Amino acid sequence: MVDLCKKIYKIWLSIYHKFPKVEKFGIGQKIDHTFLDLLEILRSGVYSPQVEKTAVLDKSVRLIDSLRFFLQLSWEVNLISVKQFALIGTEIEKLGKLAG
């Protein structure tokens, strides 16, 4: 899951760098921080004891849901194109299925 999340984050970075300045430091930064939090949680889950993995997955699912919401909002206000939204959305759905 960490590798897939890294792949999606790289896609996000290519989109994020093209955001207008105001939105880059608003919703763009929120999405970016959520991605980084998700990567950190997934990475910690690799080394967590089995009893803690459920909590890690629960937090991961919440962060993935937040990403879906803010990326959809970005698309709705025309900050990302339909093509970009479809590309990153498809990958996030794969990650969501893996997380549960």
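The model is predicted: local features need pLDDT of at least 70, side-chain atom pairs count only at pLDDT 80 or more, and totals for chains, interfaces and linings use all residues. Residues are numbered from 1 along each chain as its sequence is written, and side-chain values use heavy atoms, with hydrogens and water left out.

Start inside. In soluble globular proteins, nonpolar side chains tend to be buried together. Here the largest nonpolar core has 28 residues. Such a core is a set of buried Ala, Val, Leu, Ile, Met, Phe, Trp, Tyr and Cys residues joined through side-chain atoms within 4.5 Å. Buried means under 20% relative accessible area, exposed over 50%, and partly exposed in between (1.4 Å probe, protein chains only). Trp12, Phe35, Leu38, Ile88 and Ile92 have the most contacts inside this core. Helices H1 (2-16), H2 (21-47), H3 (50-76) and H4 each give two or more residues to this core. H1 supplies the largest share, nine residues. Helices are DSSP runs (H or I, at least four residues), numbered from the N terminus. Leucine 38 contacts Cys5, Ser60, Leu63, Ile64, Leu67 and Leu95, leaving aside neighbours within four places in sequence. Contact means heavy atoms within 4.5 Å.

Now the charges. A salt bridge is a side-chain nitrogen of Lys or Arg within 4 Å of a carboxyl oxygen of Asp or Glu. The count comes to three. Glutamate 91 pairs with lysine 7, with the closest N and O atoms 3.4 Å apart. Glutamate 91 is in H4 and lysine 7 in H1, so the pair ties together parts 84 residues apart in sequence. Glutamate 91 is buried at 7% relative accessible area; lysine 7 is partly exposed at 42%. Glutamate 91 also meets lysine 94 in a salt bridge (3.2 Å, N to O). Shared partners join Lys7, Glu91 and Lys94 into one network. Arginine 68 and glutamate 93 form another salt bridge, at 2.8 Å between the closest N and O atoms. This pair links H3 to H4.

Which lysine is buried yet has no salt bridge? Lysine 24, in helix H2, is that residue. The nearest side chain of opposite charge, glutamate 23, is 10.0 Å away. Here Lys and Arg count as positive and Asp and Glu as negative; His and the chain ends are not counted.

Finish at the surface with leucine 98. Leucine 98 lies in H4 (residues 82-99) and is exposed at 53% relative accessibility.
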